[in-house]
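Please keep the structure open while reading.

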Amino acid sequence: MKRAITLVMTVLLISTLLVGCDSKSGESSENIKIGLNYELSGNVATYGQSSVKGIEFAIDEINKAGGVLGKQIELVKVDNKSDSAEAANVSTKLATRDKVVVILGPATSGDAKAASPAAMQNKIPLISSSATSDDFTVDSNGKVRDYIFRTCFNDSFQGITMANFAFSDLKAKKAAILIDNTSDYSKGIGKNFKETFEKLGGEILTEEAYQSKDTDYKAVLTNIKGTNPDVLYVPGYYEEVGLIIKQARELGINIPILGADGYDSPKLAEIADKKSLENVYYTNHYSSMDDASDVVKFRESFKKKNGSEPDAFSALGYDMGYFVADAIKRAGEADPEKIKDALADTKDFKGITGTFSMDENHNPVKSITILQLKDGQPSFVKKLEP
Amino acid sequence: MILEQIIQQVINGISLGSIYALIALGYTMVYGIINLINFAHGDIYMIGAYIGFALTTFFKLNFLSSLIISMLLCSILGVLIEKVAYKPVRNSTRIAALITAISVSLFLEYGMMYFVKPETRTFPELLPDKQIHIFNTNAVLDFKNLSIIVITISLMLILQYVIYKTKIGKAMRAVSLDSDAAQLMGINIDKTISSTFAIGSALAGAAGVLVGVYYNSINPLMGVLPGLKAFVAAVIGGIGVIPGAVFGGFFLGITETVISAAGGSLYKDAVAFAILIIVLLVRPNGLLGKNIKEKV
Amino acid sequence: MKFLNKKNIFNLILILSIYFIVEFLINRGIIDSYIILNIVVIGVNIILAVSLNLITGITGQFSLGHAAFMSIGAYASAIMTAKLGQPFIVGIIAAALSASLAGIIIGIPTLRLKGDYLAIATLGFGEIIKIIGLNNDYIGGATGLNDIPQYTNWTWIYFCVVITIIIINNFIKSYNGRACISIREDEIASETMGVNTTYYKILVFTMGAFFAGIAGALYANYFYFIRPDSFGFMKSIDILVIVVFGGIGSVLGSVVGAVMLSIISVFLQNIPELRMVVYSVILFLIMVYRPQGLIGKNNLRLFKKRGVLNGCAHSK
């Protein structure tokens, strides 16, 4: 019996090797290969799918305009199933098998952190347009991770900005916080809001939490209502926030509700109805109602091609597509090392989500906008430079 | 102030509980009859919600008609699942049947996800947005809360009538007591089992539509957790016992709300399972169940 | 029976040669990091499947919370190696011991439960452990634990897998194993024959958990990063699919199942949305048409499709 087991194991091991060997050959000299490591199925598939739509849209435009350095960009898209082990797997495959020159994604901080070591080991730059966790680009000793970049601001910035706004502009002295305990995005921003608000002299009355995919918030909202705050800070994603705002208004909670870029989606107004979306403020990368010509052009052509309005993930993905193409151009050739240096040296890249430069921690220095929702429509309140 | 909060939380708990109760009824009926935990039951609830979504958004039907049509379609689905998936394994071991149920559940969830994409969908506004204030306090009873509770209770009363006053109900009771004896008395087992599935699935479908209307958002995986909790509810009340499912549902809903109100909202799911384990250990036949000894 | 007989020597040589051949190929660079990654995944799955098979396949205790043992092991090893800077062997031992403790804790209360109830109770335990993990900030909560040193390599994986298979296989072939099989077949009869069912049920839970913990440690120290969500109900189902696919009650089946399903997974990477649908269909087809799985139960054939156990349509 044991003999049979070991024999079978040998056979299977060998067959795995053969399967493994059956892969695509190295890059053809005609195309520049860029890897996409995204959540296309699983829990957070919406974020991955949105981001990829944005990236593909950008690369499509770039290729039609002649490509980069005279070559067309070829996207190698692989699904990491919203699972961190799989994200690591995909990174390794893209770097070693498909021989891409740069990896884009994953969309969420957890998967992005898991995907990073493989990129670092193989010396391929990895960029995420939506991983906001502080330790994504910087390790626990404060050292920046050489090949890892992001094109969105990190958690701290949004929390600090909104705390300032609440205290100074809305004259709030007492706040309640409601975070998504299963999202490091939400927890990070909430923490920064609390620290800044208290430093300014405000008081945090209570901190409650929910889990992603929850639908019933009446219990925690009733608790919050009982403490009588001036404002409520809910830095979550639109799927849950929409329900939270709706149920809050149903319970008679009419104070301003504040949030972060997770609110930016046309679906927010679908989930919470227009009447509830009154007296809501949030920080964002840009205003989807911005009437700057390039933003409008992007939205209209995106809508024409994909049939729906772009959300923040798509917009960020689109910018990242152009960002990486620009870096490759500046690098002069499709070489991962040179691309990494070009990415780190980025100055004043003009995208539709803002103009930014890369700082020494591989985070972008970007302006931030505060928007207000009136009757379901966002309107611009103010824009702050870093 | 505190009293008003308590009243509000009780209302919250009862609304939540009615949903669990509706789903739990389906679980308990199927288990009573063929001793199978229908893992796919939570997913029938999800499909009911999507049918409701399609009917109200694309066909612009009103609330009541979507509810009824969704219930109908769900019963057909339930009967189909029984015939295709459960009948072949009816005489296999427990493990085989359970794994088959899990496979059907996964198939429904991910099949649905493939067709409708994993994003959440939202229901259009179907019910008037009126609110009733209780006792002139700030505690709010929404019109939607009211409709859920009223519809749940009506469906349960209809179910009681069917089970105790109709012939098919009698057949169901007979088969769940002793299926061999029932067969010997001339009862058609297949037809009875199919009817059980039909009714159970209809109730799940109703729950799905109600949830869609109340919470406004649906997604392909929405049936997983409520399905498990409804099973917990059924066990608490006594699996196979119909009033038990109702009791268990409300008990679980109120308990969950109380836990959330006490600040433990992150542990509310864990508490549900902990209650399940405690009940299984202390009184496995449920709080309203009978004490049946196993004969060898 | 002498230990150093011809069969054992042959097996020993076979095991060592495979090890050295692959080690050689790795050193030469012929086997790259992508293949090593897949070997690690398959190895971890083999250990998980074989240990679950001991609990569910051999002893008939339907456990849907196996991933929880894996997660306890993973976190134990991660804490030991990342936070406390201990070497890998300490991590593995900590993982195995803490997981076994959990196995005892879960085994004792669930003794009285059978079949479906046991399944749901173990599922519940699994979810409770996951939720506790999500709310515990020392281990990072929902954000997970990052920067775990990568200690797992071909040597560790291979020998852990081999040791697991040898120990569990020997257990099954022994008197203890037969006692467990008798519990699966008919618990009441087995009790009447003097088999201490309580002892054996707790024993297999503990053993199964022990190895699952090791698998968790190997997993954590390869992928640098773990979080509670990776070890939920779905992971337990993944392991169960492997066990069922390979054959309930067959160790060889679990090994073959793990390898085959990993290969199938690679092919399904092109149609990610349909992966779970295909999985569920596979599961269904096996349960209906070949419930004994790919390898079957070697000698015993009680899984006939239309067979009736005890002559009663709804017993237990």
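How many Å apart do the C-alpha centres of domain 1 and domain 2 of chain A lie? The distance between the two centres is 29 Å. The model is predicted.

**Domains**

- The domain assignment divides chain A into domain 1, covering 31-153 + 293-367, and domain 2, covering 155-284.
- Contact between the domains involves nine residues of domain 1 of chain A and 11 residues of domain 2 of chain A.
- On the side of domain 1 of chain A that touches domain 2 of chain A, two residues are nonpolar, four are polar and three are charged.

**Sheet**

- An open sheet in chain A is made of five strands, and its order is E2-E1-E3-E4-E5.
- The strands of this sheet pair in parallel.
- Strands of a sheet pair through backbone hydrogen bonds.
- Strand E2 (72-79) and strand E5 (148-150) of chain A are the edge strands, each with pairing on one side only.
- From one strand to the next, the twist averages 25 degrees.

**Strands E1 and E2**

- Strand E1 (residues 31-38) of chain A runs parallel to E2(A), and eight bridges join the two.
- Opposite Gly35(A) stands Val76(A), a residue in E2(A).

Notes:
Residues numbered from 1 in each chain as written. Chains lettered and ligands numbered in written order. Predicted model: local features only at pLDDT ≥ 70, side-chain atom pairs only at ≥ 80, totals over all residues. Domains from an automatic or database assignment. Contact = placed C-beta atoms within 7 Å. Nonpolar A, V, L, I, M, F, W, Y, C, P; charged D, E, K, R; others polar. Pairing = 2+ DSSP bridges. Helix = DSSP H or I, 4+ residues; strand = E, 2+ residues; numbered from the N terminus. Axes fitted to C-alpha atoms, helices over the stretch in contact; angles between N-to-C directions.
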